[in-house]
Every structure is written in structure tokens, then in C-alpha cells.
Amino acid sequence: MKKNFGDSISNKVYEYRVLARLSQKELADKVGVTKQTIFVMEKGHYIPSMLLAFRIANFFDVNVTDIFTYLKGNDEDDQ
């Protein structure tokens with residue numbers, strides 16, 4: 001059985017994209033993914049690979065942790 005740590009990644013892709021006045025399609029084209037990938041990432045339903053996270057951060061010329069934040073969950077063994 002896989003252990004569920006309950007952790008996740010939040011992101012500010014939407015905020016950065018809107019400030020840059022880009023459509024989802026335009027950002028997707030710039031970082032090499034589909035518009036759907038950007039859409040579900042902005043909705044919080046998709047956690048990007050490290051490679052994609054770095055591509056997005058590099059595109060916006062910011063540190064990856066400025067856009068993506070690790071949210072630690074509860075480790076089942078710690079309870």
C-alpha cells in the first residue's frame with residue numbers, strides 16, 4: 001500500500017501569466033506544453049514536473065520557489 005503524505009504544491013502561474021498579459025495558449029507555447037496543461041495547473045489539479053516548473057520560472061525570470069510552493073502534509077507515521 002502506498003503511503004499518503006498529504007503534501008502538495010501550490011502555484012502562482014495564473015498571477016504571473018495575467019501580469020504578463022499572456023493567454024494560456026501563449027504561455028503553453030512558450031514552455032512547450034498544451035493549453036490544457038496550463039489550465040489544469042492554474043486550477044490546482046496538476047503538479048508539474050520539476051523540468052516544467054523550472055521552464056515556467058525561467059520564462060518569467062524568477063526563482064522556481066516564487067511561483068511554486070511546497071505544502072507539507074501530515075505524515076501518517078507522525079500521528
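**Helix packing and the principal pocket in a predicted model**

The axes of helix α2, residues 24-31, and helix α4, residues 50-60, approach within 10 Å of each other and cross at roughly 110 degrees. Angles of 65 to 115 degrees count as roughly perpendicular, and α2 and α4 are therefore roughly perpendicular to each other. On the α2 side the contact is made by L27, K30 and V31, while α4 contributes L52, R55, I56, F59 and F60. By class, six of the residues in this contact of α2 with α4 are nonpolar, two are charged and none is polar. These values come from a predicted model, in which side-chain atom pairs count only at pLDDT 80 or more.

The two helices belong to a chain whose secondary structure comprises five helices and two strands. Read from the N terminus, the order of elements is β-α-α-α-α-α-β. Along the principal axes, the C-alpha atoms of the chain fill a box of roughly 45 × 25 × 20 Å.

An annotation from the UniProt record, an unreviewed entry, assigns "domain: HTH cro/C1-type" to residues 13-67. Within residues 13-67, the chain is 69% helix and 0% strand.

The volume of the largest pocket is about 170 Å³. Its lining consists of I9, I47, P48, M50, A53, F54, V64, T65, F68, T69 and Y70. Of these lining residues, nine are nonpolar and two are polar, and no charged residue is present. The contact of α2 with α4, by comparison, includes two charged residues and no polar ones.

Terms used. Residues are numbered from 1 along each chain as its sequence is written. This is a predicted model: local features need pLDDT of at least 70, side-chain atom pairs count only at pLDDT 80 or more; totals for chains, interfaces and linings use all residues. Side-chain values use heavy atoms; hydrogens and water are left out. Axes are lines fitted to C-alpha atoms, for helices over the stretch in contact, and angles run from 0 to 180 degrees between N-to-C directions. Helices (H or I, at least four residues) and strands (E, at least two) are DSSP runs, numbered from the N terminus. Angles under 35 degrees count as roughly parallel, over 145 as roughly antiparallel, 65 to 115 as roughly perpendicular and the rest as oblique. Contact means heavy atoms within 4.5 Å. Ala, Val, Leu, Ile, Met, Phe, Trp, Tyr, Cys and Pro count as nonpolar, Asp, Glu, Lys and Arg as charged, and the others, Gly among them, as polar. On a 1 Å grid over the protein atoms alone, a cavity is a set of points where a 1.4 Å probe fits but cannot get out, and a pocket is an open set with protein on both sides within 12 Å along at least five of seven lines; lining residues have an atom within 4 Å of a point. Grid points are joined across faces, edges and corners, and a volume is the space filled by probe spheres set on the points. UniProt positions are given in the numbering used here, feature names are shortened, and annotations may be inferred rather than shown by experiment.
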